[in-house]
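Thanks for making the time this morning.

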Amino acid sequence: MTDVPERMPLTHDFFDRPVVDVAPDLLGRILCRNTPDGPIELRLTEVEAYDGESDPGSHAYRGRTARNASMFGPPGHAYVYFIYGMWFSLNAVCGPEDKASGVLLRGGEILTGTTLAAGRRPKARNTNELAKGPARLATALDIDRSLDGTDLCTGGTAPLSVLHGRPPAPELVRSGPRTGVGGDGADHPWRYWIADDPTVSPYRAHVPRRRRTTTAT
């Protein structure tokens with residue numbers, strides 16, 4: 001078996017597989033972000049799989065919209081969404097084109113560009129917290145909707161890419177329910193992380209959002 005160089009970009013074929021196969025295989029890969037101020041790189045330590053129209057937890061569960069169009073392919077591209085009117089999150093699109101699925105990149109260890117990442121995350125108490133959680137990851141790497149649909153397999157000076165890196169030993173990969181997912185998708189064990197890594201975010205169960213009520217006067 002030939003070793004693949006760590007700095008080689010992952011291929012579109014890598015992503016053109018079932019999302020539950022791609023997701024754990026992304027652990028240990030290197031996410032590269034070329035910003036106007038310089039490069040930032042991190043080693044992925046936590047991800048979640050979302051299986052499109054068959055998955056109640058997925059943005060594509062009810063079909064294609066202007067917001068989720070990138071989830072429908074082609075594989076190996078970015079899907080970036082805005083959540084709660086505050087934060088961006090980055091996903092890697094998987095599976096065949098026109099069948100939506102993606103992997104949410106939840107957390108990682110900053111390898112290069114720590115000062116740049118810290119400048120965007122001034123409230124982080126230490127380097128382990130810079131990209132600990134999907135919103136923090138996107139903030140630290142200066143990711144927004146302008147990167148939606150970006151090819152992740154180009155490498156070089158591309159704004160976003162995912163390199164081969166060094167996957168962890170299989171016995172270090174853990175799985176469990178996805179963070180904050182309720183309803184019929186709550187129990188899917190599609191969150192994957194590297195055991196005992198300090199950049200992995202804590203699990204949080206889904207808490208229904210309270211509806212505002214009005215009081216008669």
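The largest nonpolar core here has 39 residues, and those with the most contacts inside it are F15, L26, L31, V103, L105 and I143. By nonpolar core I mean a set of buried Ala, Val, Leu, Ile, Met, Phe, Trp, Tyr and Cys residues joined through side-chain atoms within 4.5 Å, where buried is under 20% relative accessible area, exposed is over 50%, and partly exposed is in between, with a 1.4 Å probe and protein chains only. Strand β2, residues 38–50, gives the most to this core, with 5 residues; helices (H or I, at least four residues) and strands (E, at least two) are DSSP runs, numbered from the N terminus.

Please keep in mind that this is a predicted model, in which local features need pLDDT of at least 70 and side-chain atom pairs count only at pLDDT 80 or more, while totals for chains, interfaces and linings use all residues. Residues are numbered from 1 along each chain as its sequence is written, and side-chain values use heavy atoms, with hydrogens and water left out.

Strand β1, residues 30–35, pairs with β6 in the antiparallel sense over 4 bridges, pairing requiring at least two DSSP bridges between two strands, and L31 stands opposite V162 in β6.

Finally, E53 lies in the loop between β2 and β3, and counts as partly exposed because its relative accessibility is 45%. E53 is 48 residues from S101 in sequence, yet their C-alpha atoms are 8.1 Å apart in space.
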